Amino acid sequence: MSAFLQQDVPLSWYLLLSAVLFSLGVVGFLIKRNLITVFMSIELMLNGVNLSFVTFAQQWHAVKGQIFVFFVMMVAAAEAAVGLAIIIAVFRARATLDVDRIDRMKL
Amino acid sequence: MHLILFFIFAGFCLAGAVNLLLQSHPITSALSLIVVMTSLAVLYLMLGAEFLAIAQIIVYAGAIMVLFTFVVMLLNAGREARTMGSRVARTVGFPAVVAILAVIATVILQAQGLGAARLSDGLTDVKGQTNLEQLGAVLFTKLLLPFEVTSVLILIAILGAVVLASHEGSVEQGTGNRDQGSERTGEE
């Protein structure tokens with residue numbers, strides 16, 4: 001038992017975790033009905049992909065994968081700011097956050 | 001040790017993600033997303049990406065999630081109606097998700113040459129440089145232009161957020177109360 005606990009973690013487990021996180025994000029995107037929660041599911045997908053980037057950076061000892069994650073984080077910050085501003089604007093126009101009731105582009 | 005830490009934080013990660021889907025209140029979803037991001041930061045640390053682990057906590061769990069919780073509270077978002085998604089989501093979406101997950105899992109499990117992660121890995125490379133030194137060396141020499149372009153992107157995003165979130169046509173500064181009052185009556 002202690003020998004099992006002493007061993008190293010295979011990188012494929014990290015990759016599997018990232019695949020599962022991504023799929024959970026997709027499922028959340030499909031089943032959630034609140035605009036903000038749908039947006040959070042997108043962030044969950046981004047995080048799952050980031051984990052696989054970091055895992056491959058560790059595998060190939062290449063720092064470029066980590067730099068890619070850094071850029072993903074910066075763009076995600078910009079995306080969150082703009083997306084949440086859009087959500088506020090939509091809420092002001094429609095007074096609802098239910099994605100089923102926000103089905104027209106026209107205000 | 002590494003294995004125990006991996007199981008603990010991968011478990012936190014999955015539990016947070018599943019909890020995000022199960023909760024019907026947006027604020028609890030946001031809090032479980034913070035749990036996911038923080039445990040991901042620990043996983044990054046175990047994979048030898050110290051800078052990204054700190055950036056994950058500061059940028060994601062800090063800045064972005066504060067924005068999310070702020071908007072949830074600002075809009076007073078209540079309990080959402082519980083549905084099982086649209087018909088398209090049921091008939092096409094879920095089988096597609098399962099298929100994607102199955103394909104990715106098969107590819108990963110069959111991949112040859114994937115190594116294992118050691119806790120001592122990644123702190124320094126063969127030349128004795130730390131992770132942060134390597135990142136900085138590449139980021140500020142080879143990738144200087146993309147880095148600067150990102151800062152312009154964030155500047156544009158700030159301006160866009162201000163423009164989108166402000167009331168159309170009226171800039172509310174200083175004379176807040178009177179402005180808002182007249183607007184509210186105008187809307188009604």
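pLDDT is the predictor's confidence in each residue, from 0 to 100. I start there, since this is a predicted model.

Chain A averages a pLDDT of 88. In that chain, 93% of the residues score at least 70. Which element of chain A has the lowest mean pLDDT? Helix H1 of chain A, residues 2-6, with a mean of 67. At the other end is helix H3 of chain A, residues 35-60, which has the highest mean, 92. Where pLDDT is low, the predicted coordinates should not be read in detail.

Now chain B. It has 7 helices and 1 strand. From the N terminus the order is α-α-α-α-β-α-α-α. The chain has 188 residues, and 23% of them count as buried. Take the contacts in chain B with a separation of 6 or more: 54% of them come from residues 24 or more positions apart.

Next, the contact between the chains. Chain B puts in 73 residues, and chain A puts in 62. On the chain B side, several elements supply at least two residues each, among them helix H2 (26-46), helix H4 (87-110) and helix H6 (144-165). Strand S1 (116-117) of chain B is also one of these elements. Which element gives the most to the side of chain B that touches chain A? H1(B), with 11 residues. By class, that side of chain B has 58 nonpolar residues, 11 polar and 4 charged.

Strand S1 of chain A, residues 9-10, is joined to S1(B) by 2 bridges. The two strands run antiparallel. Pro10(A) stands opposite Ala116(B).

On to the helix packing. Start with H3(A) against H3(B). Their axes come within 12 Å and cross at roughly 175 degrees. Angles over 145 degrees count as roughly antiparallel, so H3(A) is roughly antiparallel to H3(B). From H3(A), the contact uses Ile36(A), Met40(A), Glu43(A) and Val54(A). From H3(B), it uses Leu52(B), Ile64(B), Phe68(B), Val71(B) and Val72(B). That set divides into 8 nonpolar residues, no polar and 1 charged.

On H3(A), the contact residues include Phe39(A), Leu46(A), Asn50(A) and Phe53(A). On H4(A), they include Gly65(A), Phe68(A), Val72(A) and Ile87(A). By class, this contact has 14 nonpolar, 4 polar and 1 charged. Glu43(A) is in this contact, and Glu43(A) is also in the contact with H3(B).

Leu74(B) is in helix H3 of chain B. Why does Leu74(B) count as partly exposed? Because Leu74(B) has 13 C-beta neighbours inside 10 Å, and the partly exposed class lies between 12 or fewer for exposed and 20 or more for buried. Leu74(B) and Val88(B) are 14 residues apart in sequence. In space they are 32 Å apart, C-alpha to C-alpha.

Ser166(B) sits in the loop between H6 and helix H7 (176-187) of chain B. With 15 C-beta neighbours inside 10 Å, Ser166(B) is partly exposed. Ser166(B) and Ser29(B) are 137 residues apart in sequence and 26 Å apart in space, again C-alpha to C-alpha.

Terms used
Residues are numbered from 1 along each chain as its sequence is written. Chains are lettered from A and ligands numbered from 1 in the order in which they are written. This is a predicted model: local features need pLDDT of at least 70, side-chain atom pairs count only at pLDDT 80 or more; totals for chains, interfaces and linings use all residues. Two residues are in contact if their C-beta atoms, placed from the backbone, lie within 7 Å. Helices (H or I, at least four residues) and strands (E, at least two) are DSSP runs, numbered from the N terminus. Ala, Val, Leu, Ile, Met, Phe, Trp, Tyr, Cys and Pro count as nonpolar, Asp, Glu, Lys and Arg as charged, and the others, Gly among them, as polar. Two strands pair if DSSP finds at least two bridges between them. Axes are lines fitted to C-alpha atoms, for helices over the stretch in contact, and angles run from 0 to 180 degrees between N-to-C directions. Angles under 35 degrees count as roughly parallel, over 145 as roughly antiparallel, 65 to 115 as roughly perpendicular and the rest as oblique.
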